[in-house]
Protein chains: 2
Amino acid sequence: MATLKDVARLAGVSVKTVSNVVNGYSFVKADNRRRVEEALEATGYRPNLGARNLRRGRTGFIALVLPELSIPYFAELAGLVIAAAQEHEWNVLIEQTFGTLAGERSALASLGPHLVDAAILSPEALQVDDFQLSVPAVLLGEHAIDVPISRVGIDNVAAAQTAVRHLISLGHQRIAAIGAHPHRGTAALRLEGYRAALAEASLPFVDELVVPALNYHRADGAAAMKSLLDLRNPPDAVFCFNDLLAIGAMRAAAERFVRVPQDLAVVGFDNNEESVYSSPSLTSVAPDKGAIARAAVDLLHRRAESRDSALEDVETPFSLQVRESTVAR
Amino acid sequence: MATLKDVARLAGVSVKTVSNVVNGYSFVKADNRRRVEEALEATGYRPNLGARNLRRGRTGFIALVLPELSIPYFAELAGLVIAAAQEHEWNVLIEQTFGTLAGERSALASLGPHLVDAAILSPEALQVDDFQLSVPAVLLGEHAIDVPISRVGIDNVAAAQTAVRHLISLGHQRIAAIGAHPHRGTAALRLEGYRAALAEASLPFVDELVVPALNYHRADGAAAMKSLLDLRNPPDAVFCFNDLLAIGAMRAAAERFVRVPQDLAVVGFDNNEESVYSSPSLTSVAPDKGAIARAAVDLLHRRAESRDSALEDVETPFSLQVRESTVAR
DNA sequence: CATCGTTGTTCCAACGATGTAAAGACCGAG
DNA sequence: CTCGGTCTTTACATCGTTGGAACAACGATG
């Protein structure tokens, strides 16, 4: 691998002159510039990023800490973050926490200015004490707890309310919710939106219709749905806090020969590609994932450049995608 | 951020002694070792990986070049690769190519010993000339073309044959295939397995039943299925070259009120989590993704350590997961 | 007490890049 | 022909780490 030294020797100039050419410094004599450029070409020189960053005091990486890549929402988001980071010459390091406190702690511990310039976090279990970050960071989703970190995400209350209003507007009266969670900030807000929508339609809030889910996987949605179908008086609609739960719920319904949407309307959250092709296709709250990824990366870029540290709270748009799980073809 | 120098000053020893303690060098006096360890603790020292790797001549990263994270197979695989890489103290850099030649070329160009120690590639369009790699690499899937690079993957011919045999054993005679592709190596092999299974059952190979798919997304599967259902004599079973195609195909069938599996049996490939929860659930060829990830990373580790460069071809196991899309409950 | 081998520590150079300061080349003005 | 100012290039130090050689301390040996 060619280094600046090799190029310099070939071009017959000093190392620094080559460095100047590489970095676009203006005052290089045309003749030398040409010779250096030829030498660069001939050796196929590529800068050693490690060395450059060591000298510059940056690493060229940002961390993306998320629960699991096998969850479609995070996989899609990761893809978008990688694309957005590229525009700022950042490479993305993905850390999986599997939603556990231990996993999140170890991911955070491994972060530091020597490894990454900044971090994007999607935490699920972290405590206040854990946020002793040494690099600029941004939270995706919600503040489960009150920590001084910027945030990017949608208005979860409004989004949930929109989803449940949709169910109410279709005439549903006994609407369940799947995905309550003791620690997850988004879960609390979506529940709040659910409550608000019921309240404004003067529908009662029924405890037994709110089912918790510890993980947001398909299996959890299926289990929750089964318990709902076992009720003396099962719901006629269900709002799931993410699409995977909804997919699991629809699966459980199908196994009991409960028809969606005739017997049971289902709304999800995240608008995974999977939900467009399921049978029936799934009505879902669609956050603008591209906007989230871009906003998060841009925010970190500003913070990494200027050392100011104003907290920001960026709200990204969402929409409701209505499909067959609430309105039959 | 504390450096070795800070720790050394605090402990009252030289930088090198601290380095020796950090790296587990045996001959350090107990007394000094204790003082250094206390100083390490007190300063919260974490080695600067960039500097360490610069000195050691490695980067601590491997690249994972794949089409797109939003494709579940690659998302799951990426998660497993990250986990496997952790055991060798490697961080994973994910590059998305979006299946285009340009994307793959630019990903490859950005690779080099200054950035990564090794690379795992899942190419779809690359040409022979492109494989001028300067780091150890391994291909996932198949050699589309004849290049001297190690490979890890399943026996695609046998896997496809197993899938189609399954359909034949259920009495299907008119079996379609979705996913033929002009350049993709795996596509050719899966088609070969399909052909072999037909041949051994003395079933005719019918051209119109083999449908190409340029991308392997759900939409492509749906489009292909529609064209098959438009045939004068449509198939009674279909083998899709991946699960996304199969999901799209089942969706298209449902829209035409074609029942799966009664009117049409469907087999996929990849065994995505999504396929377990679809309605009907999808019979699929299940490659052992964990084994693939581990084998690829381990192979690269061996190659990065010892400079020998024997080509390896690692075959990982697969199985057929039979579900409702071929056998009704 | 000189010598030796073992153990423990330090100093120096190097990895590849860039910022700083100083030196060299060149120009026109006085 | 010197001076002062702009270009242009260079030498050097530096980022944080580690390998190697040098050095120092030590008890054991002859």
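The model is predicted, and local features accordingly need pLDDT of at least 70 while side-chain atom pairs count only at pLDDT 80 or more, although totals for chains, interfaces and linings use all residues. Residues are numbered from 1 along each chain as its sequence is written, chains are lettered from A and ligands numbered from 1 in the order in which they are written, and side-chain values use heavy atoms, with hydrogens and water left out.

Over all chains, the structure holds eleven aromatic pairs; rings of Phe, Tyr and Trp (its six-membered ring) are taken to pair if their centres lie within 6.5 Å, and planes under 30 degrees apart count as stacked, over 60 as edge-to-face and the rest as tilted. One of these pairs is formed by A:Phe61 and B:Phe61, which are stacked at 4.5 Å centre to centre with 15 degrees between the planes. This pair crosses between chains, from strand β1 (residues 61-66) of chain A to strand β1 (residues 61-66) of chain B, strands (E, at least two residues) and helices (H or I, at least four) being DSSP runs numbered from the N terminus. A:Phe61 counts as buried at 8% relative accessibility, and B:Phe61 likewise counts as buried at 8%; buried means under 20% relative accessible area, exposed over 50% and partly exposed in between, with a 1.4 Å probe and protein chains only.

A tilted pair is formed by A:Phe239 and A:Phe269, with 6.4 Å centre to centre and 45 degrees between the planes. This pair links distant parts of the chain, since A:Phe239 belongs to strand β8 (residues 237-240) of chain A and A:Phe269 to strand β9 (residues 265-269) of chain A, 30 residues apart. Both A:Phe239 and A:Phe269 are buried, and together with A:Phe241 they form one aromatic cluster. The charged end of A:Arg190 sits over the ring of A:Phe269, 3.5 Å from its centre, a placement that requires NZ of Lys or CZ of Arg to be within 6 Å of the ring centre and within 35 degrees of the ring normal. The charged end of A:Arg195 sits over the ring of A:Phe205, 3.9 Å from its centre.

In a regular strand the side chains alternate between the two faces of the sheet. Strand β3 (residues 118-121) of chain A is covered on both faces, with A:Ala118 and A:Ile120 buried on one side and A:Ala119 and A:Leu121 buried on the other. β1(A) and β3(A) run parallel and are joined by four bridges, strands being paired if DSSP finds at least two bridges between them; A:Ile62 stands opposite A:Ala118 in β3(A). β3(A) also pairs in the parallel sense with strand β4 (residues 137-140) of chain A over three bridges, and here A:Ile120 stands opposite A:Val138 in β4(A).

In chain B, both faces of strand β5 (residues 150-153) are covered, with B:Ser150 and B:Val152 buried on one side and B:Arg151 and B:Gly153 buried on the other. β5(B) pairs in the parallel sense with strand β4 (residues 137-140) of chain B over three bridges, the bridge partner of B:Leu140 being B:Val152. Three bridges likewise join β5(B) to strand β11 (residues 313-315) of chain B in the parallel sense, with B:Arg151 opposite B:Asp313.

Helix α5 (residues 72-86) of chain A has 15 residues and reaches 21 Å from its first C-alpha to its last, close to the 21 Å expected at 1.5 Å a residue, where the expected span is 1.5 Å times one less than the number of residues. Twelve of the 15 residues of α5(A) are buried, among them A:Tyr73, A:Phe74 and A:Glu76.

A:Pro280 lies in the loop between α11 (274-277) and β10 (283-287) of chain A and is buried, with a relative accessible area of 17%. Not counting residues up to four places away in sequence, A:Pro280 touches A:Met250, A:Val260, A:Glu324, A:Ser325 and B:Arg251.

Conventions:
Contact means heavy atoms within 4.5 Å.
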